[in-house]
Amino acid sequence: MKNRILSRRKFVKQTGLISTMGFIPQALISGASYQNTFFNNKRNIFLSTDFISGGGEDLTVISNDPVTVRFKPHNEADGGWSQVWWYFMVDGLTPGEKITLQLDRDEPGSSGISPQIFFSYDQQLWGLTNTGRPAEIEGRDFFIYEHIVRSKKVWFAYDLPYTPDHIDELLLPAVKKDPDADVVELCKTKNNHSVKMFVFNDKNSLTEIKYGIWLQARSHAFESGASWVLHEMALWLMSGDPEAEALRRRASITVIPIVDVDGVIEGRTGKNQNPYDHNRGWDQEPAYWQQINSSKALLSSMADQNMPDMYIDFHGPGNSSHPYFIVPFEELLPTEKQRLNRSKFFETLKCKELDDQARLSQSMTQFYYSPRPWDKSASLINSRGWVTMNTTDHNIALTIEVNMNTPLSTRSGYRAEAIELGRAISGYFTNDYHQR
Ligand SMILES: [Zn+2]
């Protein structure tokens with residue numbers, strides 16, 4: 001019997017669940033004793049990705065004593081950074097027993113590996129497992145995780161999940177209570193899901209200059225940590241913290257926690273998807289994704305009011321060390337004001353240039369920047385590049401890699417990262433460092 005391969009969509013349509021019996025790989029039924037153990041055991045172990053953001057490929061229970069699950073991340077295109085996300089449920093376990101997860105990262109080979117992964121018994125409260133280890137099994141590259149379960153049912157995920165439900169349940173109620181915060185639909189996705197955007201704009205502010213700030217996350221669906229940082233940033237803006245209030249008096253702030261809503265809901269990796277992902281092709285008219293067209297229209301109308309002053313596109317998974325900005329070398333920025341403003345903002349944030357020494361340590365609150373050459377070839381025009389070239393001559397346009405995949409990369413870690421960044425943005429604008 002050949003090991004069956006089902007896409008998530010097909011698998012959900014056909015079954016909703018996978019039982020152990022239908023998915024035994026040939027390699028594992030060749031050993032007689034193993035085969036007997038397997039078939040004499042009356043247990044049924046079920047796997048499912050049939051829920052929002054559930055994902056992964058070739059999910060297979062290869063043994064139920066000890067319980068061992070083999071799987072691959074969702075593959076958007078050709079492996080590498082297009083093959084990262086997975087999130088599934090295992091049911092039928094006995095509390096106290098060990099489950100082994102075998103993440104198959106061979107051909108074409110996936111890039112993103114979380115040394116520790118997240119587990120939950122209710123999809124609400126999440127913890128980190130012990131650190132996994134690389135292994136070679138049957139000549140293929142794997143990464144192995146082990147976990148002692150404390151429930152019959154357990155969910156495992158590549159990183160801390162963040163879905164549109166988090167926006168609706170944890171962010172919307174706070175926004176609705178805030179008189180100067182509005183929820184707006186940026187657009188619908190190709191699959192008709194709503195892309196929500198929050199606008200913090202104190203209409204009674206008497207400030208002489210009102211700045212414009214645009215913060216968005218999750219152009220790449222698998223980068224859930226990016227949404228968490230922005231989620232915590234939005235909560236901080238509504239927290240009553242004096243620095244948050246000062247910033248809100250001086251700036252109108254737009255927050256989009258999830259750009260690729262379809263990719264997140266469908267449990268896909270999102271990055272490098274065809275014909276290009278949500279952070280590419282920004283120069284095209286019209287762009288392939290409605291999110292890009294709607295964002296460009298809004299950013300262009302902001303430009304008519306001499307905004308945006310700051311634009312940050314939140315990504316991950318960083319480099320397992322610190323949050324850092326990916327930016328062009330300063331001399332490549334087109335205007336002197338952009339160079340001066342970016343430099344002053346980095347100074348306010350106490351942001352340092354990322355080097356090999358910095359990569360040896362970890363934090364959520366020491367920010368770095370990594371300057372690079374700027375490839376302006378059309379198909380590579382990303383959101384940061386488009387904003388730099390097409391809005392104002394004084395904008396600070398940044399891509400940030402939030403710090404995913406470390407033991408600190410939990411919700412409280414992402415909160416610390418958000419507040420540190422928020423306070424620096426507040427200090428930068430309220431001290432009038434920004435030059436228009
Ligand atoms: Zn990304």
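**View 1. Trp 81 and the residues around it.** Leaving aside its neighbours within four places in sequence, Trp 81 is in contact with Ser 111, Gly 112, Lys 271 and Asn 272; two residues count as in contact when their C-beta atoms, placed from the backbone, lie within 7 Å. This is a predicted model, where local features need pLDDT of at least 70 and side-chain atom pairs count only at pLDDT 80 or more, while totals for chains, interfaces and linings use all residues. Residues are numbered from 1 along each chain as its sequence is written. To find Trp 81, look in the loop between strand 4 and strand 5 (87-91). Helices (H or I, at least four residues) and strands (E, at least two) are DSSP runs, numbered from the N terminus. The C-alpha atoms of Trp 81 and Gly 112 are separated by 6.4 Å, though the two sit 31 residues apart along the chain. Trp 81 has 19 C-beta neighbours inside 10 Å, so it counts as partly exposed. The cut-offs here: a residue is buried with 20 or more other C-beta atoms within 10 Å of its own, exposed with 12 or fewer, and partly exposed in between, with C-beta atoms placed from the backbone.

**View 2. Strand 4 and its two partners.** Five of the six residues of strand 4 (residues 67-72) are buried, so the rest of the structure largely encloses this strand. On one pairing, strand 3 (residues 57-64) meets strand 4 in the antiparallel sense over five bridges, and a hairpin of two residues joins them. (Strands pair if DSSP finds at least two bridges between them.) Glu 57 has Lys 72 of strand 4 as its bridge partner, and Val 61 stands opposite Val 69.

**View 3. The largest nonpolar core.** This core has 101 residues, and those with the most contacts inside it are Val 69, Leu 215, Val 229, Leu 230, Met 233, Val 255 and Phe 314. Helix 4 (residues 224-237) gives the largest share, eight residues. Domain 1 (8-157) and domain 2 (164-430) both contribute, so the core lies between them; the domain bounds come from an automatic or database domain assignment. A nonpolar core is a set of buried Ala, Val, Leu, Ile, Met, Phe, Trp, Tyr and Cys residues joined through C-beta atoms within 7 Å. Zoom in on Phe 314 and, setting aside residues up to four places away in sequence, you'll find it touching Leu 215, Gln 216, Ala 217, Ala 226, Val 229, Leu 230, Ile 400 and Val 402.

**View 4. Helix 9 under cover.** Six of the eight residues of helix 9 (residues 383-390) are buried, so this helix is largely enclosed by the rest of the structure. The buried ones are Ser 383, Arg 384, Gly 385, Trp 386, Val 387 and Thr 388. Their cover includes helix 7 (290-303), strand 16, helix 8 and strand 20 (396-401).

**View 5. Helix 10 and what it packs on.** Among the buried residues of helix 10 are Tyr 414, Ile 419, Leu 421, Ile 425 and Phe 429. The buried residues of helix 10 pack against strand 14 (211-217), helix 4, helix 5 (242-250), strand 15 (251-256), strand 16 (310-315) and helix 8 (336-349). Just past the helix, Asp 432 has a positive phi of about 55 degrees.
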